[in-house]
Amino acid sequence: MIKIAIAGAAGRMGTTLAQVIHQTEGMRLVGAIEQPDSSMIGADVGEMAGLGKIDLPISHSIGELLGTIDVLIDFSSPHATASNATNCANKGVKLVVGTTGLSKEHLAAVRSASEQIPICMASNFSTGVNLCLKLAALAAEILGNEVDIEISEAHHRDKVDSPSGTALALGASVADALKRDLDDVAVYGREGQIGKRPREAIGFSTIRAGDIVGDHSVLFAGDGELVEIKHRASNRMAFATGAVRAAIWLSQKSSGLYDMQDVLGLRQQV
């Protein structure tokens with residue numbers, strides 16, 4: 001039995017994760033954590049997730065849970081994730097990170113923790129999105145420098161980071177395939193007399209509206225033809241299922257930093 005705790009348990013992903021864990025054989029939800037100032041502290045996570053009362057109140061501290069869990073699934077905030085990574089490393093707890101918007105300092109804390117424990121970190125845990133990452137890289141390799149590349153994404157009004165972590169991951173996948181540095185070629189906004197589009201640019205556009213779960217597309221536009229790779233999420237179940245799949249996969253791993261390409265066996269596939 002794999003004992004799991006969720007950081008960010010009161011959020012959209014947290015409640016969906018609770019549902020998936022509850023339905024997954026061989027897993028047991030034993031902890032739920034939120035920010036200390038959350039109004040949900042003390043609420044039963046089962047009731048929040050529509051599972052009925054399971055006598056598991058949401059806590060404000062991970063400390064008391066670290067000696068009782070095997071894996072922490074973290075969809076909280078960048079600062080909390082960095083702290084949780086350090087605490088998990090100190091206690092030998094495996095970690096799944098779905099938090100986006102991490103700074104270089106936050107990422108450094110996660111990488112440091114991965115020297116002691118196995119960590120799976122991904123901007124998106126959906127199987128379909130991770131397939132799109134692979135397909136986008138393949139398309140870039142084949143189409144090369146003969147196309148213009150644009151990445152667009154749309155999310156709900158409450159999403160705080162932009163572009164999304166998934167959009168940035170798609171951009172990095174394409175840039176790596178083309179031997180470009182994404183920091184040098186990314187264009188995150190256009191306004192006014194911007195001049196002719198450089199071929200090597202990778203453009204990003206963002207929509208924030210309503211309750212959109214997550215739409216992403218990568219456009220390869222050449223002369224006379226257009227190729228588009230697109231993914232649309234209708235709910236968060238695919239993300240939660242992937243994160244739980246990653247937690248199960250990590251249970252057989254030692255220290256190291258992994259992502260969903262590793263979990264799905266896509267790393268070496270064409």
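Tutor: One term before we start: two strands count as paired if DSSP finds at least two bridges between them. Also keep in mind that this is a predicted model.
Student: Okay, so what order do the strands have in the open sheet?
Tutor: The order is 2-1-3-4-5-11, six strands in an open sheet with parallel pairing.
Student: Which strands stand at the edges?
Tutor: Strand 2 and strand 11 (256–258). Each has a single partner strand, so one side of each is left without a neighbour in the sheet.
Student: And how much are neighbouring strands turned against each other?
Tutor: By 20° on average, with direction ignored.
Student: How many bridges join strand 1 to strand 3?
Tutor: Four, and the two strands run parallel. I4 has V71 in strand 3 as its bridge partner.
Student: What stands opposite V71 in strand 4?
Tutor: That's K94. Strand 3 (residues 71–74) and strand 4 run parallel as well, joined by four bridges.
Student: Is strand 4 buried or exposed, then?
Tutor: Buried on both faces: K94 and V96 point to one side, L95 and V97 to the other, and all of them are buried. In the strand, which spans residues 94–97, L95 has I119 of strand 5 as its bridge partner.
Student: How many bridges are there between strand 4 and strand 5?
Tutor: Three, again in the parallel sense, with strand 5 covering residues 118–121.
Student: Which helix does the chain go through to get from strand 4 to strand 5?
Tutor: Helix 4 (residues 104–113), and this β-α-β crossover is right-handed. There is also a right-handed β-α-β unit made of strand 3, helix 3 (residues 78–91) and strand 4.
Student: Where does helix 4 lie?
Tutor: Across strand 5 and strand 11, running at about 140° to strand 5. Helix 8 packs on the sheet too, touching strands 1, 2, 3, 4, 5 and 11, and its direction makes about 155° with that of strand 4.
Student: Switching to the inside: which residues touch the most other members of the largest nonpolar core?
Tutor: I4, L17, I21, V45, I73, V96 and F125, out of 36 residues in that core. Elements giving two or more residues to the core include strand 1 (2–7), helix 1 (12–23) and strand 2 (27–33).
Student: What gives the most to this core?
Tutor: Helix 8, with seven residues.
Student: And what does I73 touch?
Tutor: Leaving out residues up to four places away in sequence, its contacts include I4, L17, I21 and V96, plus A243, V244 and A247.
Student: What about a second core?
Tutor: There is a separate one of 23 residues, with A139, I149, A167 and A186 among them.
Student: Last topic: where does N145 lie?
Tutor: In the loop between helix 5 (127–143) and strand 6 (148–155). N145 counts as partly exposed because its relative accessibility is 46%.
Student: What does N145 touch?
Tutor: L178, R180 and R199, not counting residues up to four places away in sequence. With R180 there is a polar contact, side chain to side chain, at 2.6 Å.
Student: And how far apart are N145 and G222?
Tutor: They are 77 residues apart in sequence, but 9.5 Å apart in space, C-alpha to C-alpha.
Student: Great, thanks!

Technical notes:
Residues numbered from 1 in each chain as written. Predicted model: local features only at pLDDT ≥ 70, side-chain atom pairs only at ≥ 80, totals over all residues. Heavy atoms only, no water. Buried < 20%, exposed > 50% of the residue type's maximum accessible area, 1.4 Å probe, protein only. Right-handed = clockwise from strand over helix to strand, strands pointing away. Core = buried A, V, L, I, M, F, W, Y, C linked by side-chain atoms within 4.5 Å. Contact = heavy atoms within 4.5 Å. Axes fitted to C-alpha atoms, helices over the stretch in contact; angles between N-to-C directions. Polar contact = N/O pair within 3.5 Å; in protein donor to acceptor, adjacent residues only side chain to side chain.
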